[in-house]
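Hi there,

Here is the structure I promised to pass along. Have a look at it first, and then read on for what turned up.

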Amino acid sequence: MQLKSTRNKAPEVNFTQALFTGLAPDGGLYHPLEVKNLSSLFYSWDKNTAFLQIADSLSQIFLHTELTNKVITKIVNRAFNFKPEVRALDENISLLELFHGPSCAFKDFGACFLASFMEEVLTEENKHAVILVATSGDTGSAVAKAFYAKNNIDVVILFPRGRVSFLQEKQLTTLGGNVHALEVEGSFDDCQRMVKEAFQDDKLKGSLNLTSANSINIGRLFPQSFYYVYAYTQVKEKLEGDLIFCVPSGNFGNLTAGVYAWCWGLPVDKFIAATNINDIVPEYLASKEYKPKASLHTLSNAMDVGNPSNFERLQEIFGYKHKAMAAMIHGEVVTDKETLQVIADVYRQKKLFIDPHTAVGYLAAKRMLADQAKRPVHIVTLSTAHAAKFREIVKQATGNEPELPASLKQALNLPKKSTAITNDTKELADFLLHTFL
Ligand SMILES: *Cc1c(COP(=O)(O)O)cnc(C)c1O
């Protein structure tokens, strides 16, 4: 897979190079150059096709020029010891549950693939890398779990003291081993700034192999396309009319991954970009004007993004044409009040807990369905997190609390291991040099 930067001022790279680089040197995002048509392959798969087979086949097709078949299969098998589940919710709406992985959120698919890939390549080259991440909660827990106990890699996670939830803090700080939690006296913005400054520090760069794992990395995006294909194989038997995917979105990585699958020939008729009141993309689709704003705090806080980073990739895919994007993507906006109402309704009607992000998607899907009137459609709406990760909100909406999955329960009883530092990048640099040199 050859990739170029969305800003066109950086050399072309292959997938492995893009994965270890993260952001392109010109500040753009890496974007695949070539479009393959895999529709006959997709057509040949059905509900008995395993997720691992789909993940392996797609990885082979795109990566065989860089890695051997055997290595690719090893990376894929080590990445995914969990899989997506499709749950029929209404006659025309299915949930694609993406929270059965180690941190109980969809980010596990990208983080686990990235970790497995990096471990394999670094071990092969006999190199060591230090992954630096700043987190406001969810990304950090997925990355921590994914990289835990991986060979040749240490992870350093910066989180703002007192500003992540109790459960998130437990997920970040109880692993130990090669996962180092740094509790920063400051805000999430401080954490992000410190990571950026560390990457620009020549002394650090010269002595440590520093790498990032944030969500713009193509190594996290590519594997997210696999579950769109899987969802199609699961519903295709009962598919009569259009297939629509509804994606609760923040930085739009998840939706972009779905659009890539469509570019490869997956028969998707439409995507719904479902957001909370941080409605920059729905606003763009309706008005043709892209106006980034400061993010607003909502109940679906993993989607509180005021300037979605993957919008650049979507622009690239649709040739910078508003009309082309608006023909394929429909925007819906859901408020906090509506989110609570949907969580309550689904619980009352179906005895099912859904998390606030999933609720945003589900309401958007219901609205779209009502608009379609008599046309036969099936909407697959992505369920991005386990309801127990947002217990307080779910309890507020339903009066009941979802049971914690075993993996999260376990973390609650383990002792916290973290290092406190101030928001001065020099302290971060000292920690890194002291720990890894
Ligand atoms: C990150 C996240 C999202 C948003 O995904 P994007 O790829 O940033 O659009 C939605 N729901 C949950 C639970 C998340 O953690």
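Let me start with a helix that has a clear inside: the buried residues of α8 are Asp-190, Cys-191, Met-194, Val-195 and Ala-198. Looking down the axis of α8, you will find these buried residues within an arc of 135°, so they line one face of the helix. On the face turned away from the buried side, α8 carries the exposed residues Asp-189, Lys-196 and Gln-200. The helix itself covers residues 188-200, 13 residues in total, and spans 19 Å from its first C-alpha to its last, close to the 18 Å expected. Do keep in mind that this is a predicted model.

Next, a residue in helix α9 (residues 202-207): Lys-205. With a relative accessibility of 47%, Lys-205 counts as partly exposed. Between Lys-205 and Asn-278 there are 73 residues in sequence and 36 Å in space, C-alpha to C-alpha.

Finally, a helix pair. Helix α16 (residues 336-350) packs against helix α17 (residues 356-372) at an angle of about 85°, and their axes lie 9 Å apart. The two helices are therefore roughly perpendicular to each other. On the α16 side, the contact is made by Glu-338, Thr-339, Val-342, Ile-343, Val-346 and Lys-350, while α17 brings Pro-356, Ala-359, Val-360, Tyr-362, Leu-363 and Arg-367. Sorted by type, the residues of this contact are eight nonpolar, one polar and three charged.

Methods: Residues numbered from 1 in each chain as written. Predicted model: local features only at pLDDT ≥ 70, side-chain atom pairs only at ≥ 80, totals over all residues. Heavy atoms only, no water. Helix = DSSP H or I, 4+ residues; strand = E, 2+ residues; numbered from the N terminus. Expected span 1.5 Å × (residues − 1). Buried < 20%, exposed > 50% of the residue type's maximum accessible area, 1.4 Å probe, protein only. Arc of directions from axis to C-beta. Axes fitted to C-alpha atoms, helices over the stretch in contact; angles between N-to-C directions. Parallel < 35°, antiparallel > 145°, perpendicular 65-115°, else oblique. Contact = heavy atoms within 4.5 Å. Nonpolar A, V, L, I, M, F, W, Y, C, P; charged D, E, K, R; others polar.
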